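Subject: Structure handover, pockets

Hello,

Here is the structure for your files. The pocket results follow below it.

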Amino acid sequence: MVETTLAANIGSAARAMKTMGLSDLVLVKPKSVHTEEAYARASGAIDIMDNLKVVDSLSEAVSDCGFVMGSSARIRGLPWPLINPREAAEEAVLKGPDKPVALVFGRESSGLSNEELAQCHRHVHIPANPEYSSLNVASAIQILAYECRMAALGASAFEDKNEQREAPIADHESMEGFIQHLQQTLVDIQFLDPNNPKLLMTRLRRLYLRAELDQTEINILRGILKSTQKLKDG
Ligand code: SAH
């Protein structure tokens with residue numbers, strides 16, 4: 001949960017998760033956390049409240065994750081792979097065995113920023129009433145958590161769809177390292193103007209997230225970047 005304002009929503013989220021068998025709650029810069037109201041809303045999900053993690057950025061929250069899905073009440077500018085909660089849960093169950101999967105939820109007031117959404121492999125939208133589609137954040141979490149449970153219970157039905165991967169998908173931290181390296185190289189070779197970047201990095205991010213790279217592939221791409229930088233310096 002990113003920059004949640006109301007501690008009550010954190011408690012409700014913990015309860016929503018526990019009832020559906022989920023356990024790892026990570027908060028990015030919450031306003032307040034362990035209040036009486038939060039515990040009251042959490043009810044029997046005290047363990048989730050006691051064990052939750054607080055971090056400073058979304059990147060830190062999902063650094064060990066292989067797959068990141070950001071949920072959004074609004075459909076944003078640059079089109080991103082957009083799925084509904086059922087599809088999201090199916091993917092979470094498919095990708096889960098490799099590395100942790102993250103479901104990201106935004107601020108009560110303004111949701112997730114474009115920069116945060118650009119760090120996600122998928123955007124998840126609950127197809128609510130188009131005239132009023134913004135759910136309470138804990139309600140949105142309940143819906144996603146329920147779908148994850150249903151998908152996990154019926155996991156065998158998806159087994160034949162399981163992708164044959166040669167190697168596990170790279171984690172977020174490794175992907176971010178590559179994106180930073182790519183950006184620096186593009187600046188070095190004067191393809192990217194840092195004063196006028198437009199949407200280039202966001203588009204490239206979307207491209208490489210779509211490719212679902214493994215670590216070997218990231219190593220190859222970073223090797224190419226290194227050689228490119230050397231040639232430029234040479
Ligand atoms: N006013 C904000 C809405 C925030 S609701 C905005 O316009 O973006 C808080 C969070 O709940 C959102 O960031 C999102 O993670 C989740 N959420 C609420 N409604 C949703 C919906 N219809 N689909 C997916 N996520 C939703």
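The lining of the largest pocket takes at least two residues from each of β1 (26-28), α4 (58-61), α5 (85-95), β5 (101-104) and α7 (137-153). Helices (H or I, at least four residues) and strands (E, at least two) are DSSP runs numbered from the N terminus. The model is predicted: local features need pLDDT of at least 70 and side-chain atom pairs pLDDT 80 or more, while totals for chains, interfaces and linings use all residues. Residues are numbered from 1 along each chain as its sequence is written, and side-chain values use heavy atoms, without hydrogens and water.

With six residues, α7 gives the largest share of that lining. The lining has 33 residues in total, and M17, D24, V101, A102 and L103 lie nearest the centre of the pocket. A pocket here is an open set of points on a 1 Å grid over the protein atoms alone, where a 1.4 Å probe fits, with protein on both sides within 12 Å along at least five of seven lines; lining residues have an atom within 4 Å of a point. Its volume is about 890 Å³, taken as the space filled by probe spheres set on the points, which are joined across faces, edges and corners.

By class, 26 lining residues of the largest pocket are nonpolar, three polar and four charged. Nonpolar means Ala, Val, Leu, Ile, Met, Phe, Trp, Tyr, Cys and Pro; charged means Asp, Glu, Lys and Arg; the others, Gly among them, are polar.

The second largest pocket has about 500 Å³. Its lining splits into 10 nonpolar, 10 polar and nine charged residues.

Regards
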